[in-house]
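Me: I would like to learn how to read a few local features of a protein model, one at a time, with the general idea given before the case at hand.

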Amino acid sequence: MIYHAYQAYSDLMTPMRSMAGLTAAMLRPPSFWAAAVPWASGMAAAWEMVARGGLTHARPPFGIDRVRVGDGDVAVSEEVADQTPFATLLRFRKDQAADQPRVLLVAPMSGHFATLLRGTVRTMLPEHDVYVTDWHNARDVALVHGPFGVDDYVAHVIRFLEAMGPDSHVVAVCQPCVQVLAAVAVMAEARHPAQPRSMTLMAGPIDTRVNPTRVNELAMSRPIEWFAQNLIATVPMRYRGAMRRVYPGFLQLSAFLSMNLDRHVRAHLDLHGHLTRGDLDRARATQEFYDEYCAVADLPAEFFLETVRMIFQEQLLAQGLWRWRGGLVSPKAIRRTALFTVEGEKDDICAVGQTVAAQDLCTGLRPYMRRHHVQTGVGHYGVFNGHRWHAEIYPQLRSLIQASA
């Protein structure tokens, strides 16, 4: 019933938010009201906050049309390189003939769309041929396509690396670090020709027994049956994925917001102040962030519950107990793929020590094929977005890819 209750509330509030948006537009400059009424800007800001009070379940555009390469701009177009009912392998094709390293950027399936990595893509695109796992909203995947679990995620990573061809590189951000490590281990065991040349794991929960965070403690505080009974809902009949069981994106967003509620409240108070004073550049930065942050996607119930159990409760990969399609997943089989692990000093979602645990699992790699970096002064999102990512982390990643070519 939780999904139906949310949907009813959303339907009820939609006309009010639309009216609030129109009222805000009427009161903003250069309208007559803005010039004639002293309090118009404050009222416009208040109505704008009401209009922005909802969520969207549609993927925002990446919006990367051009990128600076060398001394000139190059046109960029999005190309579907492969597709399944649950994901699209999206390539950012540049209008140039240069042969650049192919990189698969594996986005998390964690309640947001792959567009959350827009800044990551922008940074990497000038010097790499970038592909992204563009996961579909589970509520839009018809029930006829069956379930989707953690092992299916691993299979997708392998399939997409096959589609890209040999000598590619893979970069996992956050949650999929575990699945990517498992996929590369499976490919190494099979001596797969499409094994990536390098693997970068950024802020991912390889071993959640190390330095547990509030996220880890929550996962351990309840039996898996509690998560199934309290957090799983059924998609309403109006959507393509009707009757599919999902972990709703609005619940995941609520969990993220509650972790840093004071910070989000301050951000919206600051946004109101920027709008009132007409500081539109600073307001726009906050608006763009929350436009992306409040675009939510539902997760298949199987994937969510298996992630909680296999990764956060039982740590199967870290303990050498994960089996994929009948075979034991053994990271020590990895010998040809260079490893780079990255952590954020202030990460309160995936703490320092959890990602570097991959180094201890990949015992088949020689020392010169391993690198690790802890980025000072950043939290979880600063590992793959923002100034520190662009200026300090990315150059090391680029160096690894070049050395592994």
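Me: Which residue forms a salt bridge with Arg93, and how far apart are the closest N and O atoms?

Reply: The general idea is a distance rule: a salt bridge is a side-chain nitrogen of Lys or Arg within 4 Å of a carboxyl oxygen of Asp or Glu. Here Arg93 forms a salt bridge with Glu79, and the closest N and O atoms are 2.7 Å apart. This pair links distant parts of the chain, with Arg93 in strand β3 (residues 87–94) and Glu79 in strand β2, 14 residues apart. The strand and helix names come from DSSP runs, where helices are H or I runs of at least four residues and strands are E runs of at least two, numbered from the N terminus.

Me: Before we go further, what should I keep in mind about the origin of these values?

Reply: This is a predicted model, in which local features need pLDDT of at least 70 and side-chain atom pairs count only at pLDDT 80 or more, while totals for chains, interfaces and linings use all residues. Residues are numbered from 1 along each chain as its sequence is written, and side-chain values use heavy atoms, with hydrogens and water left out.

Me: How many salt bridges does the rule give, and which residues do shared partners join into one network?

Reply: The count by this rule comes to 11 salt bridges. One of them is between the side chains of Arg91 and Asp129, at 3.0 Å from N to O; it links distant parts of the chain, since Arg91 is in strand β3 and Asp129 in strand β5 (residues 129–135), 38 residues apart. Both Arg91 and Asp129 are buried. Another joins Arg209 and Asp207, whose closest N and O atoms are 2.8 Å apart; Arg209 is partly exposed at 44% relative accessibility, whereas Asp207 is buried at 8%. Salt bridges that share partners join Glu79, Arg91, Arg93 and Asp129 into one network.

Me: Which side chain joins that of Asp82 in a polar contact?

Reply: A polar contact is a pair of N or O atoms within 3.5 Å; within protein, one must be able to donate a hydrogen and the other to accept it, and residues adjacent in sequence count only if both atoms are side-chain atoms. In this model, the side chains of Asp82 and Arg159 are joined by a polar contact of 2.8 Å. Asp82 lies in strand β2 (residues 72–83) and is buried, with a relative accessible area of 15%.

Me: How should I read the pairing of strands, and what is the order of the open sheet?

Reply: Strands of a sheet pair through backbone hydrogen bonds, either parallel or antiparallel. The working criterion is that two strands pair if DSSP finds at least two bridges between them. Here 3 strands form an open sheet in the order β8-β9-β10, with antiparallel pairing, and the edge strands, β8 (233–234) and β10 (299–300), each pair on one side only. Strand β9 (residues 245–247) pairs with β10 over 2 bridges, and the bridge partner of Tyr247 in β10 is Leu299.

Me: What do β1 and β2 form, and which residue in the turn has a positive phi?

Reply: Strand β1 (residues 66–69) pairs with β2 in the antiparallel sense over 4 bridges, and Arg66 stands opposite Ala75 in β2. The two strands β1 and β2 form a hairpin with 2 residues between them, and Gly70 in the turn has a positive phi of about 65°.

Notes: Buried < 20%, exposed > 50% of the residue type's maximum accessible area, 1.4 Å probe, protein only.
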